[in-house]
Structure formats: structure tokens, C-alpha cells
Amino acid sequence: MDSEAANIQDAFSRALRRVLLPLVRAMLTRGLHYPAAAEMLKSLFVEVADREFELDTKRQTDSRVSLLTGVHRKDVKRLRHALPEEKAALPADVSLGSQIIAAWNANPAFVDEEGIPKPLARFAQDGGEQSFEALVKGISTDMHPRAVLDEWLRGGIATINEQNEVCLQADAFIPEEGYAEKMFYFGHNLHDHAAATVHNITGGRPPMLERCVHYDGLDAGAVEQISEAAVKVGMRALRTINTRAAVALAAARDMHPSRPTRMTFGIYFYQEPQEIQVSSPPKERAR
């Protein structure tokens, strides 16, 4: 390996180590120890090599997967026969809730001039088509609106105001309770963010949106204010893209697209105390 290739490999290893640090923290918090994590990683090496590194002219074999991954051939044979089917479907109750929230944010009749979801009358007899009852039934007739509302009130997704109207909380895109929901979005969001980055660093075209602005040496109070601004700006962006996607989905249902495609648009904000004092004035670093 020449020096340039070695430098690239070293840079990639250091970047990957940083990516894995919070994931290892999550594993230890949830009681997933190294032997189980190592077996999972070994299985993933075999799965990716088996499914994504095939040769057009040759059948994939245990020997070739072993050569690609460095995993022993006996383990490759065992793991290839045990590869699970890809299952990343949103749990049914979570899927329904997400669809209702998306419809509430996307329907012009349900939002104000700034795109903020308006309070809705609880019952169709009071609000007609602009009621929570009509909203839920427009998404699914299998779930009673009262059951959805009770769960939302319990989870803090919605509240009831003095006019007996249902109010969607501003952060309803973020799951407050429900372990299955949190774990789904944990995997979904990190996977798609990582997949977009890998697409870009491996020369995928066109490059995908994956940008950030980060600063060092800021005052903690200023960061709190920036965080509040980021939430407002971010939610506005989410609502805008959600509306566009909802319109596109309605059109797709009518035209039956030949190339169905899924998408994710995400926003995050992270802060932590710095261990090293910054001696020079902080500078913007955008990428």
C-alpha cells in the first residue's frame, strides 16, 4: 500500500472511530456487550458483501465473500444461510400516527398562514372536515379517533385547549414516548444519514445533501439561544418539505410510478462542553 492510500485509510479509520463512539455508548447503556456486537458486525460484513458486491458474470460463493471480508469461510457459510430478510417497516401504530401528523402539517385547511398546525375541533359535528375526527378517519377507518387522541394525550403529542380543540404540539415530529417508535427512528435516521454520507465519499452521483455549520468556543448561553432558533427554523423546513412530499405522494397514487423511490429529509442539532479551551477567536466552519 503506497503512502497516499495509507493516509486515506488512516483518515477513514479515524473518522469511523468517531462515528462509532456514540453507538458504543448506546450499546453499553442497553446492555449489548462486545461479543454480541462483534457477532453482529461479522454478520453485517457477510451480508453486505453477499448482496452488494456480486460479480455480474459469476455466482457469489462463500470463498469470495470470505476473501472480501476477512471472515473465516466456515463462518461465512453459516451466516449466509442465516441472513435475515430486510425488515425496516414502521410499526403499524407508529405509521398511523406519523401519517396523521404529516396530513395535519401538509393540508392547507389545517395550518395557519405560517404553516403552523391549527387547533382542530375534536368532533366532526363541531368542525366538519376541519376536525380531528375527520382528520383521523381520512387516514384510517380501522382506528377510532378517540383511541388515537387518548394515546396522543398520554404521550404529550397533543393537548386539549379551553375551547375543547385538539392542539398538535410543536415537536410532534419527535417521539416522546414509545420504545418501538424511538428504536425505529434511531435506526432509520442514522442509517439514512450515514448512507447519504457514504454515497458522497464513495463518489456517488449526484451528491446528496449532507451539510452542517459548526463552531468551537462559544458561550453556553449563546448556544442555548442558537439551539432555540435551530428548532424554529428546522421545524419550518420540515413542514415545507412535508407539504411538498404529501403533494407528490398524492400524485404518485394516481400515476403509479414505474420507479418508486423513498426519501428522508432530516435535521439535527448537537452541543457538548469543550474539554480544551480555545485560545483563538471562534470561526465558522461550514461544510
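Of the 287 residues of the protein, 21% count as buried in this predicted model. The chain is built from 10 helices and 5 strands. Among contacts between residues at least 6 apart in sequence, 53% join residues that are at least 24 apart.

Three of the strands are arranged as an open sheet. The strand order in this sheet is β1-β3-β2, and the pairing is antiparallel. β1 and β2 are the edge strands, each of them pairing on one side only. Helix α8, comprising residues 145-155, packs on the sheet and touches β2 and β3. The direction of α8 makes about 100° with that of β2.

The pairing within the sheet can be described strand by strand. Strand β1 (residues 120-121) is joined to strand β3 (residues 165-168) by 2 bridges, and the two run antiparallel. In this pair, A121 has E165 of β3 as its bridge partner. Strand β2 (residues 158-160) is joined to β3 by 3 bridges, again with an antiparallel course. Here I160 is the bridge partner of V166 in β3, and A158 stands opposite L168.

β2 and β3 form a hairpin with 4 residues between the strands. N164 is found in the loop between these two strands. This residue has a positive phi of about 60° although it is not a glycine. With a relative accessibility of 35%, N164 counts as partly exposed, because the partly exposed class lies between the limits of under 20% for buried and over 50% for exposed.

A second residue other than glycine with a positive phi is H256, for which the angle is near 50°. H256 is found in the loop between α10 (220-255) and β5 (285-286). Its relative accessible area is 65%, so H256 is exposed. A further backbone feature is the peptide bond from R205 to P206, which is cis, with omega near -5°. P206 lies in the loop between α9 (179-201) and β4 (213-214).

The axes of α7 and α8 come within 9 Å and cross at roughly 105°. The two helices are therefore roughly perpendicular to each other, because angles of 65 to 115 degrees fall in that class. On the α7 side the contact involves F132, E133, V136 and K137. These residues meet P145, V148, L149 and W152 in α8.

Another helix pair is formed by α2 (residues 34-52) and α3 (residues 62-69). Their axes come within 9 Å and cross at roughly 120°. This angle makes α2 oblique to α3, since the roughly perpendicular class ends at 115 degrees and the roughly antiparallel class covers angles over 145. The crossing of α2 past α3 is right-handed. From α2, residues F45, V46, A49 and D50 take part in the contact, and they meet V65, L68 and T69 in α3.

Two further residues in these helices may be described. L44 is found in helix α2 and is partly exposed, with a relative accessible area of 40%. The C-alpha atoms of L44 and T69 are separated by 9.9 Å, the two residues being 25 apart along the chain. S66 lies in helix α3. With 17% relative accessibility, S66 counts as buried, because that value falls under the 20% limit. When residues up to four places away in sequence are not counted, S66 touches V71, H72, R73 and V76.

The structure holds 0 disulfides. C167 is buried, with a relative accessible area of 16%. C212, at 26% relative accessibility, counts as partly exposed.

Technical notes:
Residues numbered from 1 in each chain as written. Predicted model: local features only at pLDDT ≥ 70, side-chain atom pairs only at ≥ 80, totals over all residues. Heavy atoms only, no water. Disulfide = S-S within 2.5 Å. Buried < 20%, exposed > 50% of the residue type's maximum accessible area, 1.4 Å probe, protein only. Pairing = 2+ DSSP bridges. Axes fitted to C-alpha atoms, helices over the stretch in contact; angles between N-to-C directions. Parallel < 35°, antiparallel > 145°, perpendicular 65-115°, else oblique. Left-handed = near helix turned anticlockwise from the far one by under 90°. Contact = heavy atoms within 4.5 Å.
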